[in-house]
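Let's walk through this structure together, starting with a pair of helices and ending with a pair of rings. Keep the model open as you read.

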Amino acid sequence: MKNLGKVWLVGAGPGDISLLTLKAHYCIQQADVIIYDRLVNPNILAWAPTNCTLINVGKSSGYHCVPQEEINALLIRHAQTHRNVVRLKGGDPYVFGRGAEEVECLVDEGITFEVVPGISSAIGGLAYAGIPVTHRDFASGFHVVTGHTREGNQQQDWRQLARLNGTLVIVMGIANLPFICEELLMGGKSPNTPAAIVMSASRDNQRRLTCTLGTLLAKAQEANIAPPALIVVGDVVRLSDRLSFIPQVIDSVYSESRS
């Protein structure tokens, strides 16, 4: 079947609806089909046309609502029958979002695509918690890694990461937190290193836990920390109280379409 449409891989940002880009908003307003993930703010879907087909393919830790192979097939099938297909992903499509894998399947089928970057929670989400990833006095660089690698792939070398300077940001790491903390300490990272966990970054229910690497696991268990959450280790965490702010609520940035 001849491919009729175009697939837009759109980053929905970390959660605050007003952080969506203008181009992402345009794509959503033009969409015939939106295939979206669990962490996408559901209010964003209100901007879709009334006749737009909405498909939830959300994944959570240990449970995939729709396997990745089926998501790829959905993109191909709907691109063959619709002009504008939006693949809406939390954060940025190419930052641990499997966006590149989905684009590869589109390339193999000769389907036209475009990637619309989004604000990654690893940077924007931490900013909402008062934590800059860099600061001239504390960190001249940062490393963003995943705490959950694909089954069968080599795990992160946490002991090697412990030896690196700068800020360490870990996404999708809560389920593996005991091992991560142990390995970072075994790798030589001081237990007094400032550390934090940010839950639901930039959303109404955002929570921030600050402590040290040596107490991180116990504090997280005591606070019943659960995904989605960011783990950050480094001296920049010292700034979290000083740089915290209350975001202005902006809920009418764009006119709603789905009415």
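Helix α2 goes past α3 in a right-handed crossing, meaning the near helix is turned clockwise from the far one by less than a right angle. Before going on, note that this is a predicted model, where local features need pLDDT of at least 70 and side-chain atom pairs count only at pLDDT 80 or more, while totals for chains, interfaces and linings use all residues. Residues are numbered from 1 along each chain as its sequence is written, and side-chain values use heavy atoms, with hydrogens and water left out.

The axes of α2 (residues 68-79) and α3 (residues 99-108) come within 10 Å and cross at roughly 45°. That makes α2 oblique to α3, since oblique covers whatever is left after under 35 degrees (roughly parallel), over 145 (roughly antiparallel) and 65 to 115 (roughly perpendicular). On the α2 side, the contact (heavy atoms within 4.5 Å) uses Gln68, Ile71, Asn72, Leu75 and Ile76; α3 brings Glu101, Glu102, Cys105 and Leu106.

Now for the rings: the structure has one aromatic pair, which takes ring centres within 6.5 Å. Tyr128 and Phe245 sit edge-to-face, 5.6 Å centre to centre with 70° between the planes; edge-to-face needs planes over 60 degrees apart. The partners are 117 residues apart, Tyr128 in the loop between α4 (121-127) and β8 (142-146) and Phe245 in the segment after β12 (229-233).

Which of the two is buried? Tyr128 is, at 14% relative accessibility, as buried means under 20%. Phe245 is partly exposed at 41%, that is, between the buried limit and the exposed one of over 50% (1.4 Å probe, protein chains only).

Technical notes. Axes fitted to C-alpha atoms, helices over the stretch in contact; angles between N-to-C directions. Helix = DSSP H or I, 4+ residues; strand = E, 2+ residues; numbered from the N terminus. Phe/Tyr/Trp six-rings, centres within 6.5 Å; stacked < 30°, edge-to-face > 60°.
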